[in-house]
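Here are some notes for a colleague who has not looked at this structure before.

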Amino acid sequence: MSHKILVVDDDILVLEALEELLTSSGYEVRVADRGQEALELLDKEHFDLLLLDVVMPKMTGFDVCREVRKRDDEMSKVKIIMLTAKTEERDSKIQEKYGCDLYLTKPIDPGRLKELIRETLEGSKQ
Amino acid sequence: MPHDWILDSATHTAIVVTDFHGKILVFNQGAANLFGYTPEEAKDRHLPELTFSKEDQHGRLFQQIVERVRSEGWAEERLFRQHKTGRVFPAISTITGLKDSAGKLKGILEITQGVPNLFRLEDELKSSRNFLENILESSIDAVVTTDRKGHITYGNRALKELIGLRGHQIIGKHISTYYKDGIDQAREIMNKLKQFGRIRDYEFDMRVGDRIIPIRTSNTLLYDDCGEIVGTMGVFQDNTARKKLSDKLSATQAELIQAVKMRALGDLVTGVAHEINNPLMASDTFLHLLEREIESKLRKRVVLLKECNRRIEKIVKKLMEFSRHSEFEFTAMDVNDAVMSVLAITRQQLLNQGIELELRLCENVPRVLGDKNQVEQVMLNLISNARDAMEGSSQKVLAIQTDRSQKGQQVEIEVSDTGIGMTPEQIEQIFNPFFTTKDSDKGIGLGLSISYRIIDAHQGKIEVKSELNKGTTFTVSLPVYQAEGERDYTNKEPEGNNVS
């Protein structure tokens, strides 16, 4: 069974691009353009990985990440890769602070992104 | 005597007639009131003995007066006179000759008025004049008056000191002699005075010998009692110190404006950079997908499009660097080390381009509080700029010098080239983001803006001097690390000179 990924980004172009990229790589992909929408989807469906944009209106990617880690079901342990167009804070600190698995900056080479997603998902199997 | 009643009616004016020896012939009521003797008492007495002050009673003074009346026809005297009681008082007398019907001199006529306050008034006038003159003379500011044509009529001590001509005769000289712009300047001041009646805080230059003294002056017109202009009065202040201060203030202000401008631009740039990254990411991803799906003939175009994206990414990265706010890691660092590590990566490239390197690194330069990577970034920018500027030069010398500033509070790093130089207009814009004098493949005009930001964050300064077709010098000043007081520099290894 293929892995299921939830892509969250308020930029529709990014959302479409990532959906196509990951679908073409054989993943099952769902998308959400708001943080709140993402949390609602997590209530209903199982996901193996969250690809989370940071800067979003109302609820940021950090907020979503925190909410997910607070959950008391198995979804709290979902792999989370954060993607940001901001580069102000240092990633090591952010990973620690919000409990995400990876913190990447846009733009990232799509090939490299696929690789990192694969590695992260493989890590979850171990 | 006939008409005695007329004489006696002059009760406030003493009228006395004597013969040439001073024997009193007429002594009117006014004289009686003034000197205290009745006309009867005075009659036939000797006038000097009766009414002159002690030292003049022997008659010599009287004889001198008589002589003058004989020769000139009249005399005027301001004398101390004596009252019957012995009281002495000042008086003014007019003495004329008394002639008979044949025109022959027969005696003298003295008309006298007591002026008890005259001498006191004169004294008061004198002391008040002295007082005013003292004020003018002790004024720190130079005070000068001229006549209508501009000739100096008065100059106080401060003026003489300002002009530096002790004892030199300035009265009568034309004021424009001391103006740098000469008569034109004098005319301008006079025209303003005629227009406004006075001038406040007007600035101009004085010339005294070879010296030019900046002056701040306030002037007014001088009028006589009838309201006619008789001249001008000016107060001159040596403006040297104030001018220095104001120049410094302007420079600081300009720096401040530049710093604020850079920060505002930084904020703007951060926003723009963030906005670009999202569509760039989407574009990259679509191209990635496209590349795999299309025939090989078109694939080359996709590769070119991807290259475009890489270029955009590079610009955005530079922009982010430029707008970076708080990522500095300050430690005590040696600027010589920063210079040397940048040279380690650039030296070969410089050599290949035929650039001669002149290194003058101060052996015991104090450490500064800085972010080593950032300072190196600045050095790299300055060296790359110098290299590019010398591309077409016949003589290519890159000089790098480090030193402690004159006051010792700063460390200065100087990077000079013998390149194409810049115009003043270019220099003005040199730290603005995206301003570049290079071809588009050499840079996007952010290196110096970034350098400026970095040095600004170090509380340092970056300055540029340049001359077209001669070269450019950048000077970076960084504050000395405060705990640096007692450091022993003697173990420092000397750096080589003239490495090329």
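1. In this predicted model, helix α11 of chain B (residues 335-352) packs against helix α12 of chain B (residues 372-389) through a defined set of contacts. On the α11(B) side the residues are B:D337, B:A338, B:V339, B:S341, B:V342, B:L343, B:I345, B:T346, B:Q349 and B:L350. Their partners in α12(B) are B:K372, B:V375, B:E376, B:M379, B:L380, B:I383 and B:R387. By type, the residues of this contact are ten nonpolar, three polar and four charged.

2. What is the geometry of the pair α11(B) and α12(B)? The two axes come within 9 Å, with a crossing angle of roughly 35°. The crossing is right-handed.

3. Further along chain B lies helix α14 (residues 447-457), where eight of the eleven residues are buried, so the helix is largely enclosed by the rest of the structure. The buried residues are B:L448, B:S449, B:I450, B:S451, B:Y452, B:R453, B:I454 and B:I455. This list includes B:R453 and B:S451. After α14(B) comes B:Q459, which has a positive phi, near 60°.

4. Strand β9 of chain B (residues 211-223) contains B:I215. Is B:I215 buried or exposed? B:I215 has a relative accessible area of 0% and is buried. Apart from neighbours within four places in sequence, its contacts are B:L162, B:Y202, B:E203, B:F204, B:M206, B:F236, B:Q237, B:D238 and B:N239. A further pair to check is B:I215 and B:R242: they lie 27 residues apart along the chain, and their C-alpha atoms are separated by 9.9 Å.

5. Chain A has five helices and five strands. Along the sequence they follow the pattern β-α-β-α-β-α-β-α-β-α.

6. How much of chain A is buried? Of its 126 residues, 52% are buried. The accessible surface of chain A is about 6300 Å², and carbon and sulfur atoms account for 45% of that area. Of the contacts in chain A between residues at least 6 apart in sequence, 58% join residues at least 24 apart.

7. Helix α3 of chain A (residues 61-70) has A:G61, A:F62, A:V64, A:C65 and A:V68 buried. Viewed down the axis of α3(A), the buried residues fall within an arc of 160°, and therefore line one face of the helix.

Key: Residues numbered from 1 in each chain as written. Chains lettered and ligands numbered in written order. Predicted model: local features only at pLDDT ≥ 70, side-chain atom pairs only at ≥ 80, totals over all residues. Heavy atoms only, no water. Buried < 20%, exposed > 50% of the residue type's maximum accessible area, 1.4 Å probe, protein only. Helix = DSSP H or I, 4+ residues; strand = E, 2+ residues; numbered from the N terminus. Arc of directions from axis to C-beta. Axes fitted to C-alpha atoms, helices over the stretch in contact; angles between N-to-C directions. Left-handed = near helix turned anticlockwise from the far one by under 90°. Contact = heavy atoms within 4.5 Å. Nonpolar A, V, L, I, M, F, W, Y, C, P; charged D, E, K, R; others polar. Areas by Shrake-Rupley, 256 points an atom, 1.4 Å probe, with all protein chains shown as cover.
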